[in-house]
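I opened the notebook to look up a helix pair, some charged side chains and a loop residue. The entries follow the order in which I looked.

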Amino acid sequence: MAKLTFEQVITILKVSIFLGVIHLVWAFILRIKRLAKEGHKTMMITEAIPNLTLYGGIVVIMMCAIGSSYDVMNMYSRAHDEVVPWVTIFLGDWARVWIITRIAGIIVIGSMATMMVGGILHAKHHPEDGGSAANVVMEVFLGKTVECLAHTISYARIGIMLLVHAALLLTVNNAYQSLGGASSPAAMAMIIGGNLGIMMIEGLIVYIQSLRLHLYEFFTKWYDGGAQPFRQVVPEMLYNQPIWKRK
């Protein structure tokens, strides 16, 4: 029975996070598109676009940390001439950890500064929202940066669900072999019942986790309510209901 190695597990987690990056970047782009369509150009320039570049910079720094074997404090050193996962593939061989870390750091700082200035100006022109300069700075410095990191890591659950599925199937298959295989009624019951049980359990778990990724990680980035309320084609009719008084 084949088993996954540590490198294969890491590869699965990397692929799941890569899918999460694509999903979140798509959400940020949809928000930029929505703001442009609604005519909110100032908010688009000072908040939505910098939020996208901030997220991209943080993701690239995460990749640099992986490339430097998690030597986070010394990533800026020229000694770290390793390739950056994903980034070097797209940008070429010149993209090494030490230089990409510096570029990504400048992008992150510039994006945060732009978002802070835009948020302060918005709070100044819209005092009814109850915001202040201190709140804006704290939200960008802590809220946005931590949010970008945490939301990306959340997509590791895709790979974790795959690993759980493999572990459950391995357990059922081992039990099937130990009970005698196809010649044993108990083994046949185990393999059929085990697979049905796995499908039912994972159907619920995967549904919940994927729904969370869509509703919490994806739609909150760009979706905004406010559409027309639902109206019935045929209006609800009012009927008389007689009430008899008891003597």
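**Basis.** I worked from a predicted model, in which local features need pLDDT of at least 70, side-chain atom pairs count only at pLDDT 80 or more, and totals for chains, interfaces and linings use all residues. Residues are numbered from 1 along each chain as its sequence is written, and side-chain values use heavy atoms, with hydrogens and water left out.

**Entry 1: helix packing.** I looked up helix 1 (residues 6-38) and helix 6 (residues 156-178), which pack at about 140° with axes 7 Å apart. Helices here are DSSP runs (H or I, at least four residues), numbered from the N terminus. Axes are lines fitted to C-alpha atoms over the stretch in contact, and angles run from 0 to 180 degrees between N-to-C directions. The angle makes helix 1 oblique to helix 6 (under 35 degrees is roughly parallel, over 145 roughly antiparallel, 65 to 115 roughly perpendicular, and the rest oblique).

I then listed the contact (heavy atoms within 4.5 Å). Helix 1 brings Val-9, Ile-12, Leu-13, Ser-16 and Ile-17, and helix 6 brings Ala-156, Ile-158, Gly-159, Ile-160, Leu-162 and Leu-163.

**Entry 2: salt bridges.** I searched the whole structure and found six salt bridges (a side-chain nitrogen of Lys or Arg within 4 Å of a carboxyl oxygen of Asp or Glu).

What does Arg-34 pair with? One partner is Glu-38, with the closest N and O atoms 3.5 Å apart. Both residues of that pair lie in helix 1, four residues apart, about one turn of the helix. Glu-38 is partly exposed, at 43% relative accessibility (buried is under 20% relative accessible area, exposed over 50%, partly exposed in between, with a 1.4 Å probe and protein chains only).

Asp-224 also forms a salt bridge with Arg-34, at 3.9 Å between the closest N and O atoms. Asp-224 lies in the segment after helix 7 (185-222) and Arg-34 in helix 1, so this pair ties together parts 190 residues apart in sequence.

I noted Glu-217 with Arg-212 as well, at 2.8 Å from N to O. Glu-217 is buried at 0% relative accessible area, whereas Arg-212 is partly exposed at 31%. Salt bridges with shared partners also join Arg-31, Glu-47 and Lys-144 into one network.

**Entry 3: a loop residue.** I found Val-72 in the loop between helix 2 (41-67) and helix 3 (87-91). Val-72 is partly exposed, with a relative accessible area of 45%. Its C-alpha atom is 10.0 Å from that of Thr-101, 29 residues apart along the chain.

Notes. Helices (H or I, at least four residues) and strands (E, at least two) are DSSP runs, numbered from the N terminus.
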